[in-house]
Number of protein chains: 2
Amino acid sequence: MSKIAAAPTLEDVAKKAGVSTATVSRCLNAPDRVVAETRTKVMAAVTALGYTPNFAARVMAAKRTFTVGAIIPTMENAIFARGLQAFQEELHARGYTLLVASSAYKPEVEEEQIRALVARGADGLLLIGHDRAESVYDYLERQSVPTLVAWSYQAKARVPSIGFDNRAAMRGLTEAVIQRGHTCIAMVSGVCAGNDRAALRVAGWKDALLENGLADSATRIVETPYGIEAGAAAFANLMAGPIKPTAIMCGNDVLAVGALQKAHEMGMAVPKDVAITGFDDVELARIVTPSLTTVQVPHRDMGIQAARALVDMVENKRAGTSVQLETSIRFRASLARNTQ
Amino acid sequence: MSKIAAAPTLEDVAKKAGVSTATVSRCLNAPDRVVAETRTKVMAAVTALGYTPNFAARVMAAKRTFTVGAIIPTMENAIFARGLQAFQEELHARGYTLLVASSAYKPEVEEEQIRALVARGADGLLLIGHDRAESVYDYLERQSVPTLVAWSYQAKARVPSIGFDNRAAMRGLTEAVIQRGHTCIAMVSGVCAGNDRAALRVAGWKDALLENGLADSATRIVETPYGIEAGAAAFANLMAGPIKPTAIMCGNDVLAVGALQKAHEMGMAVPKDVAITGFDDVELARIVTPSLTTVQVPHRDMGIQAARALVDMVENKRAGTSVQLETSIRFRASLARNTQ
DNA sequence: TGTTAAAATGTAAGCGCTTGCATTGCGCGT
DNA sequence: ACGCGCAATGCAAGCGCTTACATTTTAACA
């Protein structure tokens, strides 16, 4: 008659190995503080019982989880995947586990996720972008959870960040478009509220337009939620007016792909009839036809540096310093070499 | 002089509200067991202190986490994203949190992740596909963690599954290709070891070939890791021989997109020179040019049903029953309507 | 061989919460 | 006005682990 087999505990292992629970614990966490012979006995008991330490108990006792949390706006598309992958690999190499949650671009969901991750004892947190309620930062401070921002660099922000200058990057790309002879340059932006990346990209686009005397272009902007369909709709919207832009710059690659699709559907040739650009350089940008001119972001490098910085903040209780990374433009088929 | 503000605990709240910790706990977990006046006091204290319950402590005491874990082979591409999204939405609606980990298609990583999730107290687990070491199932049984498999349906398997018949689906698609007049039909498969979906898709492809007297085609198969590049290389590989297949069927859409790219690069027209098919019907399949003929999988439905089934298993300690879902073929441009 | 310090191990006090059970307080019937 | 039953609250025992401190063992030295 087998009794209900509750998962074995440290104590079970200790009993089986004929030692104290403290010794078993040390065996697992600091093997060199235990003599080889004992260690062997204990390990045998662990294996025999199929013991797995209870994480919650360990956390409670040790007040460390070796877990860091990341909250990203979306998992549906690959924008954050590559960087996050690198982040998690680097974390893993340093003995940390990554927990990921997604906020669906909703501030209130993000806040909920932050609390969930903190409650779960995350030793540190990675957030995307700076733009969120001050109260969130207050909370994080009170809970003293080291926090780092990625995908956006802002020197004077409340928490350190590892990222790039979204504004300058977008300005650079816009200048390139202008150089190609375009004068009517519209923009499809993601939702800017609560999203500094989106807002800064719009700002960069405007910067370039104004500097080049294209102020009238600067009103031709549509803001739309994230998604291919949304990008398509926005494109149609911009093309509906009497004056059709000759270039459509999108706040991210996903929107740009939508625009590309819609252009195709509407029988407009890209880049002949209209040039289209994206931002992020996700894998998709190379795959679509025509391939997409976009801003290349150092995803992996960002992920790795973020991991290092965050672990440093966690382990040495240091404040953490911001790092600005460089972006570059990837010229591809969706923007003509020369319009004129 | 402010002392180091440790995060507030239940006791702090209790003290501030002038009640016992038990009352505060009940306020949070069973508000109706506490009289309104007290509840107000307690809630005020909670807010004032910015209290967040310590999850680990709660888990230890209650032995329930209201968390379920899912381990998917990859996050890099969208194959599992849609289904997982639905899974998590349904879970959320039922008061559960989803923790996701990815195994990079490596069995040993998967096992590690399973242990990590179990140690973290996951009340239930969602795994992709049935094919893994028996010892893993032994472990799960001993820890008595309800487990469900998705993306593959196998009635006689050790744990219940919500999925579809990969073999029959692939056979159906292959038959459609044969009907189009193709006789030299090669396959690019994902790695089959430890991946029943991949293996079953290959089996389905072979079934159709053999039934239609195309046995010689059945040797024209390349197995390759997951990824667009890998798909491209596999395509080139298959086209390198003296006899060029007129149709290339891929084990998933990502490989198919790679094949598509390579065909383009090699100057082969799709579907005129070579037809290409995928499997999964991810968003990408509609976006590439030409769009991809593929097997549509009921991602969202699968996710929702999986969530319901798993929660049922967790809450009612029921064994859980398997459900088979239907797939259908999405005919698109990459497979000619009629070759002859 | 006796001392003593260092190494190995054991003891037991929590970590912050939930919950069974004991206690208190209240409204009601008589 | 009294006792009853039930609702509201408090008390305190863990949950499984880590770790400071106490104790025992070992080994090294005179």
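Predicted model: local features only at pLDDT ≥ 70, side-chain atom pairs only at ≥ 80, totals over all residues.
Reader: Let's start with B:Pro146: which residues does B:Pro146 touch, not counting residues up to four places away in sequence?

Author: In it, B:Pro146 touches B:Asp123, B:Gly124, B:Leu125, B:Leu310, B:Met313 and B:Val314. They count as touching because each has heavy atoms within 4.5 Å of that proline. B:Pro146 itself is in the loop between α7 (134–142) and β4 (147–150) of chain B.

Reader: What makes B:Asp207 and B:Arg167 a salt bridge?

Author: Their side chains come to 2.7 Å, N to O. The cut-off is 4 Å between a Lys or Arg side-chain nitrogen and an Asp or Glu carboxyl oxygen, so the pair passes. B:Asp207 sits in helix α9 (residues 196–211) and B:Arg167 in helix α8 (residues 166–179), both of chain B, so the bridge ties together parts that are 40 residues apart in sequence. Over all chains, the structure holds 40 salt bridges.

Reader: And between the chains, how many salt bridges does the rule find across the interface of chain B and chain A?

Author: Two. A salt bridge also joins A:Arg286 and B:Glu229, whose closest N and O atoms are 3.3 Å apart. That value is within 4 Å, so the pair qualifies. As for polar contacts across the interface of chain B and chain A, there are 16 residue pairs, both partners at pLDDT 80 or more. On the side of chain B that touches chain A, helix α4 (residues 55–62) of chain B gives the most, with five residues. By class, that side has 22 nonpolar, 12 polar and eight charged residues.

Reader: How do you know what the size of an interface is?

Author: It is often given as the accessible area lost when the parts come together. Here chain B and chain A bury about 3700 Å² between them, and carbon and sulfur atoms give 52% of that area. In chain B, the residues that lose the most area to chain A are B:Arg120, B:Arg142 and B:Ile287, together 17% of what that side buries. Counted by residues, the contact takes 42 from chain B and 42 from chain A.

Reader: What lines the largest cavity?

Author: Residues of both chains do: A:Phe55, A:Ala56, A:Val59, A:Thr67, A:Leu99 and A:Arg120, along with B:Phe55, B:Ala56, B:Val59, B:Thr67, B:Leu99 and B:Arg120. The elements that give two or more residues to this lining are α4 of chain A and α4 of chain B. By class, the lining of the largest cavity has eight nonpolar, two polar and two charged residues.

Reader: Why is this called a cavity, and not a pocket?

Author: In a cavity a 1.4 Å probe fits but cannot get out, whereas a pocket is an open set of points, so the way out decides the name. The largest cavity has a volume of about 120 Å³. The count of cavities of 30 Å³ or more comes to one.

Reader: Then how much space lies in the second largest pocket?

Author: About 1600 Å³. It has 45 lining residues, and the closest to its centre are A:Val118, A:Gln143, A:Ser144, A:Val145 and B:Ala7. Among the elements that supply at least two residues of the lining are α6 (107–119) and α7 (134–142) of chain A, and α1 (10–17) and α2 (21–29) of chain B. The largest share of the lining, four residues, comes from α4(B). The lining of the second largest pocket divides into 25 nonpolar, 10 polar and 10 charged residues.

Reader: Now the backbone: what joins A:Thr289 and A:Pro290?

Author: A cis peptide bond, with omega at about -10°. A:Pro290 lies in the loop between α12 (283–287) and β10 (294–296) of chain A. Chain B has a cis peptide bond between B:Val270 and B:Pro271, where omega is about 10°. B:Pro271 is in the loop between α11 (253–265) and β9 (275–277) of chain B.

Reader: What is phi for A:Lys63?

Author: About 60°, a positive value although A:Lys63 is not a glycine. You'll find A:Lys63 in the loop between α4 and β1 (67–72) of chain A.

Key:
Residues numbered from 1 in each chain as written. Chains lettered and ligands numbered in written order. Heavy atoms only, no water. Buried area = accessible area lost by both parts, 1.4 Å probe. Polar contact = N/O pair within 3.5 Å; in protein donor to acceptor, adjacent residues only side chain to side chain. Nonpolar A, V, L, I, M, F, W, Y, C, P; charged D, E, K, R; others polar. 1 Å grid on protein atoms, 1.4 Å probe; cavity = no way out; pocket = protein on both sides within 12 Å on 5 of 7 lines; lining within 4 Å. Points joined across faces, edges and corners; volume = space filled by probe spheres on them.
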